Amino acid sequence: MADVAKEAGVSHQTVSRVLNDHPNVRADTRARVEEAIIRLGYRRNLVARALVTKRSRTLGVVSFDTTLYGPASTMYGIEQAARSAGYFVSIVSLKSIDAAGVRDAIDYLAEQGVDGVVVVAPQRSAARALENLPSGMPAVAVEGTHDADVAVVCIDQVEGARLATRHLLRLGHETVWHVGGPPDWLESEGRVRGWRAALEEAGRDVPEPLAGDWSPRAGYGAGKILARMDGVTAVFAANDQMALGVLRALSEAGVRVPDQISVVGFDDIPESEFFSPPLTTVRQDFGVVGRHCIEVLLRQIDNGPTAYERLVVRPVFVVRSSTAPTR
């Protein structure tokens, strides 16, 4: 910084203000300092800065199975929000979620000196692992349970499922069949609750859900079962990939969508509008989730951990051609 100051003909403090984007710097002075930085190839010494500020400007993220659309999109949203706030991200990706693995990951990140931790905790086993966070560690859980002693940012899964089910009922369908996600997933539980609640509120029969695992193969298997059943006119799949499998099975069985059976998914993956037919679905805004996570975490870093802060993001229902009034 002293070399930059000498090159630009300014003080060391002025260089510091430019680097920290302080508003009280004249435009021509700022330009002169920035040109000197480029000419000299100056880079900040982050280790030295961390020693002075007691902050690493790094946030830890614990996640797993980022091949799935939800976790991958959540990770991207968190990383983009962190970078916008001037923070780096250190990621620990686990093959499977269990209490010991989550604790080891958090301990590892704490040893790296991260300023706070985001845990993508879509399963109950992961949420339970958050009960033993290091004392004083700023932390946020994505999709964590509301009874855990940690701040939570989540999408309203129950409301999303209600929107999907009510849409199908308004189209005149007597009831709605459900292809559920895997057990222990909080999203699966929320979507089942919302689907069941919408049917019960309307006084309709609640069919037994068909089990799935988020994959198109699971949806395909469920679709083959549904195609052989009488009286099925509407299906709500717990994610778009399983809805894709349902569409394939119905097509092979000669069942027309939406003329004979309407199908709704959940997630609004980029490909869903190009399904045949384009898929009606529930959109989750993972960018908003990422921004809220970083906002909550930075408040904790500045003011101390807040265990019971809850931010719930409302989903958006997207109507396309895979649903129609019953005939």
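The accessible surface of the protein chain comes to about 15800 Å², and carbon and sulfur atoms account for 49% of that area. The model is a predicted one, and its C-alpha trace spans about 80 × 45 × 30 Å along the principal axes. Of the 327 residues in the protein chain, 50% are buried, and the secondary structure comprises 12 helices and 11 strands. When contacts between residues at least 6 apart in sequence are considered, 71% of them join residues at least 24 apart.

Side chains of opposite charge can pair when their charged atoms come close. A search of the whole structure finds 12 salt bridges, including those in the following table.

| Salt bridge | N to O distance |
|---|---|
| E7 and R39 | 3.0 Å |
| E201 and R166 | 3.2 Å |
| R191 and D267 | 4.0 Å |

The salt bridge between E7 and R39 links distant parts of the chain, since E7 belongs to helix α1 (residues 2-8) and R39 to helix α3 (residues 27-40), 32 residues apart. With a relative accessibility of 39%, E7 counts as partly exposed.

E201 and R166, paired in a salt bridge, likewise connect distant parts of the chain, with E201 in helix α9 (residues 186-201) and R166 in helix α8 (residues 157-170), 35 residues apart. R166 has a relative accessibility of 30% and therefore counts as partly exposed.

In the salt bridge of R191 with D267, R191 lies in helix α9 whereas D267 lies in the loop between β8 (262-264) and β9 (281-283), so the pair ties together parts that are 76 residues apart in sequence. R191 is buried, its relative accessible area being 3%, and D267 is buried as well, with a relative accessible area of 7%. Salt bridges with shared partners also join R162, R166 and E201 into one network.

On the surface, D98, D104, D107 and E111 gather in a patch of negative charge. E111 of this patch is placed in helix α6 (residues 99-111), and because its relative accessibility is 67%, E111 counts as exposed.

P138 is found in the loop between α7 (124-129) and β4 (139-142), and at 9% relative accessibility P138 counts as buried. Although P138 and D302 are 164 residues apart in sequence, their C-alpha atoms are 9.5 Å apart in space.

Technical notes: Residues are numbered from 1 along each chain as its sequence is written. This is a predicted model: local features need pLDDT of at least 70, side-chain atom pairs count only at pLDDT 80 or more; totals for chains, interfaces and linings use all residues. Side-chain values use heavy atoms; hydrogens and water are left out. Patches are made of residues with over 30% relative accessible area and no salt bridge: like charges are joined within 9 Å, nonpolar side chains (Val, Leu, Ile, Met, Phe, Trp, Tyr) within 5 Å. Accessible areas come from the Shrake-Rupley method with a 1.4 Å probe; for residues, only the protein chains shown count as cover. A salt bridge is a side-chain nitrogen of Lys or Arg within 4 Å of a carboxyl oxygen of Asp or Glu. Lys and Arg count as positive and Asp and Glu as negative; His and the chain ends are not counted. The place of a charge is taken as NZ of Lys, CZ of Arg, CG of Asp or CD of Glu. Helices (H or I, at least four residues) and strands (E, at least two) are DSSP runs, numbered from the N terminus. Buried means under 20% relative accessible area, exposed over 50%, partly exposed in between (1.4 Å probe, protein chains only). Contact means heavy atoms within 4.5 Å.
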